[in-house]
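Me: I have just opened this entry and have not looked at it before. Could you walk me through a part of it?

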Amino acid sequence: MALDPQKKLLEKLKIGLGKARPVKAPTGTQLHCKSWYQEAALRMLCNNLDPDNGENPDELIVYGGIGKAARNWDCFDAIIRTLLDLENDETLLVQSGKPVGVIKTHSHSPRVFIANSNLVGHWDNWEHFNLLDKKGLIMYGQMTAGSWIYIGSQGILQGTYETFATLSDQHFDGSMTGKVALSGGLGGMGGAQPLAVTMNGGVIIIVEVDRNRIQRRLDTGYLDVTTDNMDEAIKLARQAAEDRKALSVGLCGNCAEVLPKMIDQGFIPDVVTDQTSAHDELNGYIPMGVDLEEALQLRFSDPKKYIDMAMDSMATHCRAILEMQRRGAVAFDYGNNLRGQALKAGVDNAMDYPGFIPAFIRPLFCEGEGPFRWAALSGDPKDIAITDQALIDAFPHKKRMVRWLTMAGEQVRHMGLPARICWLGYGERDKAGKLFNDLVRSGRIKAPIVIGRDHLDCGSVASPFRETEAMKDGSDAVADWALLNCMASVASGSAWTSFHDGGGVGIGYAMHAGQVCVVDGTDEAEQRVITTLRNDPATGIIRHADAGYERAVEVAQERGVKLPMINMFNQK
Ligand code: NAD
């Protein structure tokens, strides 16, 4: 007798095994759950752990140090089983990667609520987190790892591409051609740096301690060449810049050792930044003076010594960046809290170079712009090509977006489910959501589309060393905004909503919300997606208007975002 689709899926995913095995998202038009909302959550959870997508799926690690999708394999199995049974008026509650209950809600409610790594203020630090983690009571969710909307290095590629494009506008007459950048880390996020720079026409050297990570970026076409030899890396970079050719070089080594050596030899890049896992001094950053294997052993045998060594190395690394800046390099922090760690380790002037948000991104936040992303549940890349074209047709005036979508279609290999990202602002995201729903309704796209975003967005984060660094009114650490954003998504009818602590910069340094919508071609989906994707960036405009950014106030007035206090003053 033929097996029903659910049973087949349970067997395929080996649900009940309770331990590591390769997992891939189901694809196609066959529903296994009671609606596409639950189905999308199930597929995206599996997609986060697809070996083509996640960094270390055996440990359920998706990216960013120990950013995980589920607490352990038993929890993964239980989440899948629960989603398969979940009714269309129920909501699954997930606490730090563990499914803890199902509540009766409404058909328009989100189908999953996720809370990851949140701790009460006084205990909100790595030390307490690691204690709870050891007891199996908590999980680090990063941003899109624990909220099931990670789309591989592409997710960060476009943001990194935008960052380097804006940097070249500000410092190099609009092009990275002939310029050399230097960075560290080729992990899930950092791995996007080489391609983002070469897409901007520039040259980059990336220092990475783990040979396997370098190989992965070479295999996926994100990195051009590799060497173990610093002199050779510098020579290759200088030659390419002289020839005005784009090139990325992966240099195997430790940043804390390599950067000071570069300074000694008189090599100062045009741009310097970093994306090693500096946010996590125990399970992320690799200290100098030990090789990778020794470092991994030391983490377990003597965590205290490891942390001391890592903090020391981060201080050295940050000092080298400061020195390069002093000698003329454009330096910026790339959202991994290297400056914060160095400050803790005694580098008093660590904050002398800016974070990338105040330096390059905040004006976009005032327009309600942010990293809008989507994935094709059909598994067919042609569906993504159709959505790319639909956005190019809908927003032809957004020249940078059009250039990005065209290049991404040609150069970006999909990791896991076919997906795309591009930055859209207030009034654009809901338009795109409706457009995608229409494409599903008309049958031009084979199966529903899932639409989400990074937690790094205009209204969803409180992160004083990153998204909310140097706010005009000094409200950097006020987390009310992230909570209001979370509530707005829930009330608007997202498919699932999440709230996390620590993503990007580490436990205690950030609170942030995520939302995901699903468009299945129905009227209900249209209503939900328009409301959610309008309100989500609206909270960004409100947050920036309240902090005193004139452009955000203008955007609100131009596009009809209601600001009670400002309207009241205008009437006086
Ligand atoms: P990851 O853990 O997947 O990769 C980090 C890489 O750094 C690893 O390959 C590791 O081998 C390497 N590394 C660690 N210490 C090193 C050292 N001393 N020298 C050279 N290489 C070293 O992390 P990821 O997902 O790539 O994220 C990188 C950092 O960026 C994290 O701190 C993350 O929180 C942060 N982040 C930034 C953004 C952003 O928008 N800029 C977004 C998300 C995350």
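**Strands and cysteines**

Reply: Happy to, and please keep in mind that this is a predicted model. Strand β12 and strand β13, which covers residues 419–424, pair in the antiparallel sense, and 6 bridges link them.

Me: How many bridges join β12 to β14, and which way do they run?

Reply: There are 5 bridges between β12 and strand β14, the latter spanning residues 449–453, and these two strands also run antiparallel.

Me: Changing topic: how many disulfides does a search of the whole structure find?

Reply: The search, which takes in the whole structure, finds 0 disulfides. Cys 46, for instance, is in no disulfide, and the nearest cysteine sulfur to its own belongs to Cys 33, at a distance of 9.6 Å.

Me: Is Cys 46 buried or exposed, then?

Reply: Cys 46 counts as buried, because its relative accessibility is 0%.

Me: What about Cys 252, where is its nearest cysteine sulfur?

Reply: For Cys 252, which is likewise in no disulfide, the nearest cysteine sulfur is that of Cys 255, 11 Å away. Cys 252 has a relative accessibility of 14%, and because the cut-off for buried is under 20%, Cys 252 counts as buried.

Note on methods. Residues numbered from 1 in each chain as written. Predicted model: local features only at pLDDT ≥ 70, side-chain atom pairs only at ≥ 80, totals over all residues. Heavy atoms only, no water. Pairing = 2+ DSSP bridges. Helix = DSSP H or I, 4+ residues; strand = E, 2+ residues; numbered from the N terminus. Disulfide = S-S within 2.5 Å. Buried < 20%, exposed > 50% of the residue type's maximum accessible area, 1.4 Å probe, protein only.
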